[in-house]
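Visitor: I would like to learn how to read contacts, helix packing and sheets in a model. Can you take me through one?
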Amino acid sequence: MQTVTRETLLDKASALLASGEVSRVLGWKKGEFAYDVTPAVFESAEEMEKDFVYDIFSGANFSKYLIKETAKEGKVLVFLKPCDSYSFNQLLTEHRFDREKVYAIGIPCDGMMDASTVKALAPEGLVSAERDGDNLVIHTLYDGDKILPYADNLPDRCRHCKSKKVVAYDEMLGENGDVVDSHRFDEVAELEAMSEDARFAFWQNELSRCIRCNACRDVCPACTCEKCVFDNPKSGVENKAISDSYEEKMFHIIRAFHVAGRCTDCGECSRVCPQNIPLHLLNRKFIYDIDRNYGDYMAGAEEGSRAPLVNYKTEDPEAADVLERGDK
Amino acid sequence: MQVNESNIVANEEFRPKIVAFCCNWCSYAGADLAGNNRLAYPADIKIIRVPCSCRVNPMFILRAFQRGADGVILCGCHPGDCHYTSGNYYTRRRMAMLFSMLNYLGIEKERTRVEWVSAAEGAKFAATMQDFAEKVKALGPNKRLEDLRCKQ
Amino acid sequence: MQRIGVFVCWCGSNIAATVDVHAVAEAAKLEPGVVFSTDYQYMCSQAGQNMIIDAVKEHKLTGLVICSCSPRMHEATFRKTAANAGINPYMVEIANIREQCSWVHKDMPTGTEKAIILAKAAIAKVHLNTPLTPGESKVTKRALVIGGGIAGIQTALDIADAGYPVDIVEKEPTIGGKMAQLDKTFPTLDCAACILTPKMVDAAQNENIRIISYAKVEEVGGFVGNFHVKIRKKARFVNEDVCTGCGLCTEKCPQKKVPNAFNLNMDNHRAIYIPFAQAVPKVAVIDPDYCNMLKNGKCGVCAKVCTAGAIDYKQEDQIIEEDYGAIVAATGYNPISVEKFDEFAYSQSKDVITSLEFERLTNAAGPTAGKLLRPSDGEHPHTIVFVQCVGSRCASCAGKGKEYCSKICCMYTAKHAMLVRDKYPDTEVYVFYIDVRTPGKNFDEFYRRAVEEYGVHYIKGMVGKVTPENGKLKVQASDLLADRQLHIDADLVVLAAAIEPDKSARPLATMLTASMDTNDFFTEAHPKLRPVESPTAGIFLSGACQGPKDIPETVSQASAAAAKVIGLLSKNTLKGNPCVAQSDELMCNGCSSCANVCPYGAITYVNKEFRMPDRTTKVRRVASVNPAVCQGCGACTVACPSGAMDLNGFKNNQIMAEVDAICK
Amino acid sequence: MMKKCPVSALNTVLTALSGVAPLYLPVNGKGKDTRAKYTKYEDGMIYSTALNTVRSAKDFFFPQTENLVNFKVDGKNIEIIDPREEHEDFILFGVRACDYKSFDVLDRVFLSEPVDSYYASRRAHGIVFTMACTRPAETCFCTTFGIDPSEPQGDVSCYMTETDVYFDAKTEKGEVVLAKLGDLLADCEESTVNEQKELISSRMKALPLSSLSTEAFGGDKLDKLFDDPRWESLSESCLACGTCTYVCPTCQCYDIKDFDTGHGVCRFRCWDSCMYSEFTKMSAGQPRLTQMQRFRQRFMHKLVYYPANNDGLFSCVGCGRCLASCPISMNIVKVMKTLSEEAEDNGSK
């Protein structure tokens, strides 16, 4: 259950706004339906009272918005779920925003739903969904209610949650959790165990669906370049087109490489992909490879840590050995 | 003309296109030494000189495959011998990660290689290139990371 | 659009025998931008070069492609040719059609086909070349040597002799370092003080040398030729300019219980002291932790007895700021702490000592005035066991010892053993060793003498345990060659402790942006070819801070470092390599990835104001490359995800153009 | 004459249709993403009754990437190659009313002078079987734009009940195709689907977005809406990705670029998105400098500029795809609702 309620957050935020400690609040704004919650900036307690929501769909990671929000006058209040806090730290490590201008409230999390997950459970006429104890209750237009176990039906990123620990905050609401055994590399290992041909077929099927909408990049808290190479004609790899399957592969390989060692595995890329491409499996491959070859490393776990691809050990394994290991 | 004849031969038998990135201080000099010693290796190998193996961006490697390369090999100083002290250590991590990812996507692992060749290892350079070219040739043309537009 | 000239060299028959050079020149003509293409027998000859110059003038060429031997051979030649022809030398690209083509491919069609492709790649690259000009920076003609041991002294003396001012910063109140503590030196057995102290005096008297003792470097800014350094000189509470070093205060001071660090705390000195008789500068210093006057304002004896009036209880730390062209690290070494090696009972018995303590015990200026006496009871020891490799070559004793060989222990132990046997023939001396390593001039002969002439018992094997018992030290050891256990009742056990870099080296390296290995030894720019330079330009390495070394090696490296410094300071300006990294500030997001991988510390960050497209302004942190420090490896260009960092001469688009041309 | 076949015989009909011309229809995905995608029919494939395909039917007439012309370079000679092959007829089955209406929106752009011959050729060869929406989704708001999902139009309108599939030819093209199916379809009265139509209409009225109104929008609302301060808050969390534009059946912006193949040039066009910072970048720079401006552009185009130039026709068909796919759940419905409020706080923020 969500131990911290909307009211708790609302009270906290209202108090901080009233005291002048913060000028703005980054929060979730209610939508037309239960699931279409929008990240928004609230400037008053009244606005929050009206539109602020905190429920099972409050999953969006706010960390990246801090780059923009901290450029403004005054302090901003942000709510950090465990996975958001890793992104938060990683952005700090890369000097992407001014810590002094943020008041961070850590909130515990035991898994957030998202629209596409719930829609997959009720593809036709989804009216709303909420949590009732250990269950997820879905109301539909034509098929009545569906009651399903909540934990089992979470999106992948939450089913394989890596950590319930908020690693950066000024104030923690509720009880902080721990890093958990996520089994998040199981799927990567399964792919590794397949033949080259089967892997190729798998990824060809997945990546050929890419429409180059850039949602994965634009939502990614590690993708904070002033100008992305894929938008920059001077880079020589800029392209808006999909073509002959090469461009999509190149885009996703390079994107994953650019965030390798910096990706906090927040799973936003897979959440936002309109084509449901399991993009996190690319990032996790890098994380898994890094862990196995260079020692466990979790980007964002510690502010200021040196990312593995800008680091080395003289005894690192050779590329050929890494390939052997990854191709079982 | 002789050049055209060789083109005809090329049409009959698959000849791989291979790009070799060589660092200026060790591997490029190693390639030069192979030349000095007249150690033959397949002409399918074309060398691009870079100051250090750490200059090689993964984008260059993907670019090579896009443009029609069938294999890409990257050569640098032996670990510990980098002219810039640490460049090849970064290369090693970067390329290990990149090549592992390419293989994860089903691209044949024999198409990519990292090899450390010193300025004194002309023989190793030639032997490495011979071996790499043979392996790539055995795989046949690169189909998994190709861009058909470039093959028109 | 460039106007490109292509020049195909026959290299006599070296190229022409397996490459149809004419066909290459003809094929090049079809490439866009190529306005002139020709072949010639020897392009590097005067006639060949003149041909290039004429072609540049006649066809108004802006870029040159030379299809010839390796650029490692003649790139410099053709760059000069370009300059002579009036175009920027960096508008030249070489297609290596000899070493990497004609010499390795045996038939003409293959060779020709490949040569054409290599030429096309070079043409594609030169299209994107831009004129480059090496940056210039002024050189401050003053050097800083950090550490005043034999390494630092020698480096400073050599630099000073060449006529350049040098500052030595020494953390102790006197220069001299470890060598000042030694008794004799191997393999000649001359007395350390006799050869060191004159050098110390030389340094003190050299008008080009300023000794800043009892001081440490606090901040280093700038880059090669232009370092700016802040040095903190600690208060010694004695006016250095006035003190005559008479030593009266050091005899009258009532506080007598101050451990004497110079004698490794085996005896005491007063709260005001001069470390040793030949100290340089020979100036007293007050230890504020023990001085009654400084602690509670009650005493003042030294001030009363000082006829020179040098005592100044109110003295404060002094900050010295100075500009330097070059910096030499000579921070030296220390023996590791052997307390963690419980098996040797160092903490349990005063009679288990380290080799450096042994040096002091045999030194005429030491706590026993040179008589070898047991620290516990002042008796003469009759059985002495030396244990080698305590913490050296110790891969398994993580946290306690070191993996590397400390290099000097075998020789000084042979020296100790020999000296004991020489002075006290009634003493039995055992040396337990893993290997005896004696490479060096006259080293093995020296060791053989210890064994053969002096009858030292060398036993291959390690000491397992030392147990203090009834005033004796029970030594249990194994003799590996005889395959048996030994039990020796020793009077004294001497541990050859591994040596490690001084603790001050790590923070210093950070300030200098000089790299270190995992053992905290400074790394050299190249282990074989540039052993006295740090990868960071303008930082040089002298002595054991780079790795374990004996005195002759230290001195030769010190002089080598000095030679490098002199070479640098002799220039008025430094011309950089123009093929350096460059950051596009508009694209940089200041993430620090590039600085993390830069081995030279060439990248710094500045907060810069930018005008945004919507006419607002924004302050952003962006990377800035110092072209005088960057060596052009390109590591940063790949670490940078946005491509803001690029490398002149090897730009992303240039390399991709080569890739395209080759894969066509 | 309305025709029908039992649901159980649909595959036989589809197989026959695919014999007439290549047939594309929504089929549920295999593997992880089971949502419906247009797929080329092969025997045994099962038609998906899912309301919306992931990508709209726009793809068939205005594909995401399309080669316009190739140039081949040989030495200093350049050859110009038209990459088009003659199009053959194709059948699109199961297009929803909203998607069908989107063709009208696209036609007005691509078929007005100068006619886009690439698009025109595809349109001429496409035969569209629409499908009435028996189970509209909560995200549907096509009725806002005057679309009636019980009359889905197309060359043939189809209706599906639990037992039967009904085919109602609306054009000559449609009749010709249905005629080719011969005995596979049985004749029936038009009124047989009335019940179905009423059900659809009543369901549409009950949808949560049924009250959404276009009253505040239209070609004459430019001055009123352009400087509305609420664009700022609406766009503040927009990520600037192109998802909404790429899933949209009516978005029609594209870029034309040259791709250097090494041997020549492929000149291609590909979808572009007004959400991108580089959109319509010219030598003088970008016309819209901030994300707010780009965000505003998209909705102003759909709700003001397009109707201004196209007889009041809005260029949104209410398919609801952007509602489902926007990463931050900002969408045209929220924009319309917000801007429709004659809010007291209008201008106060």
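Guide: Start where two chains meet. In total, 32 residues of chain B are in contact with 35 residues of chain A. Contact here means that the C-beta atoms of two residues, placed from the backbone, lie within 7 Å. A word on the source: this is a predicted model, in which local features need pLDDT of at least 70, side-chain atom pairs count only at pLDDT 80 or more, and totals for chains, interfaces and linings use all residues. Residues are numbered from 1 along each chain as its sequence is written, while chains are lettered from A and ligands numbered from 1 in the order in which they are written.

Visitor: Now helices. At what angle do the axes of α10 and α12 of chain A cross?
Guide: Axes are lines fitted to C-alpha atoms, for helices over the stretch in contact, and angles run from 0 to 180 degrees between N-to-C directions. Helix α10 (residues 246–259) and helix α12 (residues 280–294) of chain A cross at roughly 45°, and their axes come within 10 Å. That angle makes α10(A) oblique to α12(A). The classes are: under 35 degrees roughly parallel, over 145 roughly antiparallel, 65 to 115 roughly perpendicular, and the rest oblique.

Visitor: Is this crossing left-handed or right-handed?
Guide: Compare the near helix with the far one. If the near helix is turned anticlockwise by less than a right angle, the crossing is left-handed; if clockwise, right-handed. The crossing of α10(A) and α12(A) is right-handed. His252(A), Ala256(A) and Val259(A) of α10(A) make the contact with Leu282(A), Asn283(A) and Phe286(A) of α12(A). Four of these residues are nonpolar, two are polar and none is charged.

Visitor: What does the packing of α2 and α6 of chain C look like?
Guide: Helix α2 (residues 21–29) and helix α6 (residues 108–127) of chain C pack at about 40°, with axes 9 Å apart. They are therefore oblique to each other. α2(C) passes α6(C) in a right-handed crossing. The α2(C) side is Ala23(C), Val24(C), Ala27(C) and Ala28(C); the α6(C) side is Thr112(C), Ala115(C), Ile116(C), Ala119(C) and Ile123(C). The contact has eight nonpolar residues, one polar and no charged.

Visitor: Next, sheets. What is the strand order in the open sheet of five strands in chain C?
Guide: Two strands pair if DSSP finds at least two bridges between them. The order is β20-β27-β21-β22-β23, with parallel pairing. β20 (352–354) and β23 (457–460) of chain C stand at the edges with a single partner strand each, so one side of each lacks a neighbour in the sheet. Neighbouring strands are turned by 25° against each other on average, direction ignored.

Visitor: Over how many bridges do β21 and β27 of chain C pair?
Guide: Strand β21 (residues 383–390) and strand β27 (residues 492–497) of chain C pair in the parallel sense over five bridges. Ile384(C) stands opposite Leu492(C) in β27(C).

Conventions. Helix = DSSP H or I, 4+ residues; strand = E, 2+ residues; numbered from the N terminus. Nonpolar A, V, L, I, M, F, W, Y, C, P; charged D, E, K, R; others polar.
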